[in-house]
Amino acid sequence: MKFDELIKERYSCRKFKDTPVEKEKIDKILEAALVAPTACNLQPQRILVLTDKEKIKALDEEKCTRYTFDAPLLFVMCVDRSKAWIRKYDKISSAEIDSSIAMTQMMLQAQELGLGTTWVMALNPDIAKKVLKIPENLDVISFMPTGYPADDAQINPLHFKHIDLDEMVKFNDF
């Protein structure tokens, strides 16, 4: 599939089949994160791969997020801030940006493999850390429920709504 087709076909899938994702596909998705560009190639992202339905269910029970995960696979994107690059002028960390680039590449790889994903950042990181026993040095950034889209999975109408390109882009000055 061509890249321009891939990025247009990918949507936030919120309903999945109860079919496990094959280890080979999980490995390919993780490889996409591994080769993602990061500031100074420091790679501060750390990824927890959840296939245990009880652990995924525990996140729902503890109200970690308002969403429920019927996905057979949940990637938990974390960062080790001590490994992230810091811009010297204003001390902005690359941690969220680096992990977002990695997550985007993971999503696109999953799409190419016939899997659905959605990006969840609306979560309580403290609950996630407690439920999943995530080490203190890691911050939870986002979740990526992943699996085979259910036959009746729906594309949210907002997927097709975009601002005008002229509103987003300016050449040479604002």
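Student: Where does C64 lie?

Tutor: Helices (H or I, at least four residues) and strands (E, at least two) are DSSP runs, numbered from the N terminus. C64 lies in the loop between helix 3 (53-61) and strand 2 (73-79). This is a predicted model, where local features need pLDDT of at least 70, side-chain atom pairs count only at pLDDT 80 or more, and totals for chains, interfaces and linings use all residues. Residues are numbered from 1 along each chain as its sequence is written, and side-chain values use heavy atoms, with hydrogens and water left out.

Student: Is C64 buried or exposed?

Tutor: Buried means under 20% relative accessible area, exposed over 50%, and partly exposed in between (1.4 Å probe, protein chains only). C64 is buried, at a relative accessible area of 2%.

Student: Which residues is C64 in contact with?

Tutor: Contact means heavy atoms within 4.5 Å. Leaving aside neighbours within four places in sequence, the partners of C64 are L59, L123, N124, I127, A128 and F143. L59, on the same terms of sequence distance, touches L50, C64, L74, A128, V131, L132 and F143.

Student: How do I read a nonpolar core, and which residues touch the most other members here?

Tutor: Such a core is a set of buried Ala, Val, Leu, Ile, Met, Phe, Trp, Tyr and Cys residues joined through side-chain atoms within 4.5 Å. The largest one has 19 residues, and L59, L74, V76, V140 and F143 touch the most other members. Helix 3, strand 2, helix 5 (125-132) and strand 4 (139-147) each give two or more residues to this core. Helix 5 gives the most, with four residues.

Student: Which residues of helix 5 are buried?

Tutor: I127, A128, K129, V131 and L132 are buried in helix 5. The buried residues of this helix pack against strand 1 (45-50), helix 3, strand 2 and strand 4. After helix 5 comes K133, with a positive phi near 55°.

Student: Where is T118, and what does T118 touch?

Tutor: T118 sits in the loop between strand 3 (116-117) and helix 5. T118 is buried too, with a relative accessible area of 6%. Not counting residues up to four places away in sequence, T118 touches R10, S12, C13, R14, M107, F143, M144 and P145.
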